[in-house]
Amino acid sequence: EVQNEAKKGREGLLRQLANDYGVWYAEALTVIPLDHIEVFRKEYEGGFPNYKIKHFLQAGIELNSMFAELAAQGTISKWLYPAKSAFLAPLSEQKQILRNVAALAGGHPGVLATLDTLEDVFRRLPTALAILRQDVRGRPGIAINDEYDLQRVVHAVLCLHYLDVRPEEYAPSRAGAHPRLDFLLKDERIAVETKMTRSNLGPRRLGDELAQDILRYRKHDHADAYFALVYDPEKHIINASGFERDFPAEAAFPVRVVIIQ
């Protein structure tokens, strides 16, 4: 998105990306064993001729002026450090290293890969919702007015990607009640919860609800991880990326919170 954004917005996006990545990178280094750190760092540091994440974050919006003629012909990228090769590819390698580390520590690499897929899919959901809202040939679009509307869309999206999606699966009892999680990906062993912010469900209350959900679903017989999709169309959550990072990953029970606005 940094290199696809209009020129005036690129610098701000690149700064935000550098900040978010820096936090993630620092946290990752705290859990990676010493014998894996060097290869993990290489995907960040890079060097001639294999430029990596550091170079992209420092100059990801600079044009390739040295080979301008070839870039104009489409022979090479017009960017000095193309996002695909200088950021996305090494980031993918770093994620794989983390999955391998989790597997060695008794984690669930398949679960982590599925969480990555869910995040990639639902990060793009706002675009799909915008399409659904459009009127077509006099027929009204589909509006997302509450969590029930959101659940229907999420259920449909999950069924496109996974064979066994169990809606309204019961979670272990708590204080005499038997709460239900929204969906269970049975084969992938992931609990999926949907939330939609509103005037009486702001960041503080939402954080409490998610924390309680995580405690409950850790005890679920068929869930090894928790994925929460939070739809925040009115932007009640000002610092969305910070809110997501308030739920750190755990090797024994991975948690992923994704906020879309």
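Tyrosine 81 is buried, at 14% relative accessibility, where buried denotes under 20% relative accessible area, exposed over 50% and partly exposed the range in between (1.4 Å probe, protein chains only). The model is predicted, so that local features need pLDDT of at least 70 and side-chain atom pairs count only at pLDDT 80 or more, while totals for chains, interfaces and linings use all residues. Residues are numbered from 1 along each chain as its sequence is written, and side-chain values use heavy atoms, with hydrogens and water left out.

Tyrosine 51 is partly exposed, with a relative accessible area of 33%. Rings of Phe, Tyr and Trp (its six-membered ring) are paired if their centres lie within 6.5 Å, with planes under 30 degrees apart termed stacked, over 60 edge-to-face and the rest tilted. By this rule there are 13 aromatic pairs. Tyrosine 51 and tyrosine 81 form an edge-to-face pair, at 5.1 Å centre to centre and 65 degrees between the planes. Tyrosine 51 lies in the loop between helix 2 (34-45) and helix 3 (53-59), and tyrosine 81 in the loop between helix 4 (68-72) and helix 5 (83-104), so the pair ties together parts that are 30 residues apart in sequence. The pair of tyrosine 217 and tyrosine 226 is tilted, because the ring centres are 5.5 Å apart and the planes are at 35 degrees. Tyrosine 217 is buried, at 0% relative accessible area, and tyrosine 226 is buried with a value of 0%. A cluster linked by ring pairs consists of Tyr21, Trp24, Tyr25, Phe40, Tyr44, Phe56 and Phe87.

The chain contains 10 helices and 5 strands, taken as DSSP runs (helices H or I, at least four residues; strands E, at least two) numbered from the N terminus. Of its 261 residues, 40% are buried. The accessible surface is about 15,300 Å², with 52% belonging to carbon and sulfur atoms; areas were computed by the Shrake-Rupley method with a 1.4 Å probe, and for residues only the protein chains shown count as cover. Among contacts (heavy atoms within 4.5 Å) with a separation of 6 or more, 63% are between residues 24 or more positions apart.

A nonpolar core is a set of buried Ala, Val, Leu, Ile, Met, Phe, Trp, Tyr and Cys residues joined through side-chain atoms within 4.5 Å. The largest such core has 28 residues, of which Phe122, Leu158, Ile190 and Phe227 touch the most other members. Two or more residues each come from helix 6 (109-123), helix 7 (125-133), helix 8 (147-161), strand 2 (180-185), strand 3, strand 4 (225-231) and strand 5 (255-260). Helix 6 contributes the most, with 6 residues. A second, separate core of 20 residues includes Leu206, Phe243, Phe253 and Val255. Beyond four places in sequence, the residues touched by phenylalanine 227 include Leu115, Leu118, Phe122, Ile190, Val192 and Val258.

Threonine 197 lies in the loop between strand 3 (190-196) and helix 9 (203-217) and is buried, with a relative accessible area of 6%. Its side chain makes a polar contact of 2.5 Å with the side chain of aspartate 232; a polar contact is a pair of N or O atoms within 3.5 Å, where within protein one must be able to donate a hydrogen and the other to accept it, and residues adjacent in sequence count only if both atoms are side-chain atoms. Leaving aside neighbours within four places in sequence, threonine 197 is in contact with residues including Leu206, Val230, Asp232 and His236.

Aspartate 221, in the loop between helix 9 and strand 4, is exposed at 64% relative accessible area. Aspartate 221 and arginine 189 are 32 residues apart in sequence and 9.1 Å apart in space, C-alpha to C-alpha.
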